[in-house]
Amino acid sequence: LNPGYFTVRLELDGFLTQELTEVQVRLDRMTQVHVTMPLAAFGEGVTVTETTPVIDPEQVSTGQVFSSDYLQEAGVGMGIRSFPWDIIETAAGTSGQNVLGSTWQENVYLVDGLDTTHAYWGGVGSWIPLDAVQEITLDSGGFGAEYGRATGGVVNLLTRSGSNTFSGSLDLRYTDDSLQTDGEHYDPDEASSSGTILTGTLGGRLVRDRVWFFGSIQDEDYKYKQSGALTTTEEGAAQVFAKLTGQVTPKWMVVGKYYNNPWDVENGWSSPFVLPEADGRSVFDLSVLQAEVSGVLTDGLLWEMQIGSNGDEQDWGPMSGDNSLIQHFNLATGVRSGNFHQLNYQSTRRDQVGSSLSWFVDDLLGSHDIRLGGEYHQTSLERSFCLTGIQDGGFCRKGVEGYQFFDWEDSGTVMPYLMD
């Protein structure tokens with residue numbers, strides 16, 4: 001079952017029928033309910049309905065579940081330049097995203113069970129928009145062997161799915177410095193900033209009780225300029241998330257997902273010490289592709305398999321696009337001029353496949369979940385880095401070096417004295 005609220009109805013000959021409402025099934029947690037069924041008197045049938053609290057006597061891990069209700073009410077992830085992963089910072093035992101003394105690079109970040117941890121430097125590798133998130137769990141200790149590669153916390157983000165009912169949303173958020181007030185150590189007039197987030201979602205059915213879809217589009221635009229800067233930093237991102245769920249038979253389900261986030265930053269090094277021609281641009285492209293299948297083989301046997309890939313591509317360079325010009329860095333004033341100083345291309349990817357078989361046992365000294373599974377991960381890194389000032393322009397390549405001038409002043413005369 002996907003996380004959510006369910007109604008459970010229990011019927012047995014000779015006993016009163018019991019109907020339990022608002023039974024909550026949570027992500028990565030076992031839900032157990034205790035029911036007393038009184039003997040029924042012969043005659044007119046009676047149904048007893050009650051709301052049942054969630055009890056999880058099997059849980060041995062420490063952590064917290066952030067339900068859809070919590071996410072809707074929380075301020076985290078709802079403002080300009082904040083993300084759903086930030087919600088774990090509200091859990092006990094965390095400092096930022098450092099869990100119980102471990103660093104954020106030691107966490108494992110999952111999306112619907114797929115490892116989306118950044119393949120190069122660790123940490124978050126995807127930025128699923130909040131309106132596409134159903135629930136988030138944080139396990140900070142005592143988690144299972146399948147998460148053995150985590151020495152910090154395990155964060156699992158569950159995405160939303162479609163249903164037989166069509167539904168959607170449209171959300172617009174805007175902020176700028178006119179909404180800020182000054183203080184003893186802050187004057188909003190000395191700097192400028194603004195941001196807009198426009199999000200739309202739509203979900204529903206393609207075939208009733210068989211095939212459902214859900215999609216989310218989020219457009220983000222930000223502008224900010226620090227006091228004294230000569231340029232304005234501009235950022236733009238367009239996140240797309242799509243999910244298709246199919247109930248092939250009552251016992252078999254298939255799911256496919258796609259996520260992409262192209263992100264562009266212009267004048268990203270804006271500063272009072274960076275002249276306009278020396279500013280740079282960076283382009284990012286994050287993606288997740290995932291497919292999974294699950295089937296109930298017998299009453300106590302569940303088989304699951306998933307395959308997926310997530311990647312991050314980055315490209316940095318001069319705003320002008322001219323890689324042949326050399327940057328000057330004035331050692332006396334700290335001012336950069338001439339050109340942006342570096343070229344940097346980096347592409348990381350994590351491809352993975354995993355399968356597990358779960359056996360649910362109820363009559364072996366209690367209830368147990370015995371799981372056997374395995375995963376295969378392949379990570380890759382492609383990187384090129386060099387200084388600008390490349391002869392005849394072009395990009396970094398073997399045997400070709402870029403340069404940077406370090407300038408010093410003598411009697412008002414600026415002289416480059418070192419090439420690097």
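This is a predicted model: local features need pLDDT of at least 70, side-chain atom pairs count only at pLDDT 80 or more; totals for chains, interfaces and linings use all residues.

Student: Where does Asp-264 lie?

Tutor: Asp-264 belongs to strand 15, which covers residues 252–266.

Student: Which side chain does the side chain of Asp-264 join in a polar contact?

Tutor: The partner is Arg-281, and the polar contact between the two side chains is 2.7 Å. If neighbours within four places in sequence are set aside, Asp-264 also touches other residues, among them Glu-234, Gly-236 and Val-283.

Student: Over how many bridges do strand 17 and strand 20 pair?

Tutor: Strand 17 (residues 301–318) and strand 20 (residues 342–361) pair over 16 bridges, in the antiparallel sense. As an example of residues facing one another, Gln-306 is opposite Gly-354 of strand 20.

Student: How many aromatic pairs does a search of the whole structure find?

Tutor: The search finds eight. To classify such a pair, one considers the angle between the ring planes: under 30 degrees is stacked, over 60 is edge-to-face, and the rest are tilted. The planes of Phe-214 and Phe-241 stand at 55°, with ring centres 6.4 Å apart, so this pair is tilted. Phe-214 is in strand 13 (residues 211–225) and Phe-241 in strand 14 (residues 233–249), so the pair ties together parts 27 residues apart in sequence. Both Phe-214 and Phe-241 are buried.

Student: What kind of aromatic pair do Trp-269 and Trp-316 form?

Tutor: Trp-269 and Trp-316 form an edge-to-face pair, with 65° between the planes and 5.6 Å from centre to centre. Trp-269 sits in the loop between strand 15 and strand 16 (280–298), whereas Trp-316 is in strand 17, so the pair ties together parts 47 residues apart in sequence. Together with Phe-340, Trp-269 and Trp-316 make up one aromatic cluster.

Student: Are Trp-269 and Trp-316 buried or partly exposed?

Tutor: Trp-269 has 29% relative accessibility and counts as partly exposed. Trp-316, with a relative accessible area of 22%, is partly exposed as well.

Student: Which residues form a disulfide?

Tutor: The structure holds one disulfide. Cys-386 and Cys-396 form the link, and their sulfur atoms are 2.1 Å apart. The angle about the S-S bond is -90°, and the link of Cys-386 and Cys-396 is left-handed. Cys-386 lies in strand 21 (residues 368–387) and Cys-396 in the loop between strand 21 and strand 22 (404–410), so the pair ties together parts that are 10 residues apart in sequence.

Student: Are Cys-386 and Cys-396 buried or exposed?

Tutor: Cys-386 is buried, with a relative accessible area of 10%. Cys-396 is buried too, its relative accessible area being 15%.

Methods: Residues are numbered from 1 along each chain as its sequence is written. Side-chain values use heavy atoms; hydrogens and water are left out. A disulfide is a pair of cysteine sulfur atoms within 2.5 Å. Helices (H or I, at least four residues) and strands (E, at least two) are DSSP runs, numbered from the N terminus. Buried means under 20% relative accessible area, exposed over 50%, partly exposed in between (1.4 Å probe, protein chains only). A polar contact is a pair of N or O atoms within 3.5 Å; within protein, one must be able to donate a hydrogen and the other to accept it, and residues adjacent in sequence count only if both atoms are side-chain atoms. Contact means heavy atoms within 4.5 Å. Two strands pair if DSSP finds at least two bridges between them. Rings of Phe, Tyr and Trp (its six-membered ring) pair if their centres lie within 6.5 Å; planes under 30 degrees apart count as stacked, over 60 as edge-to-face and the rest as tilted.
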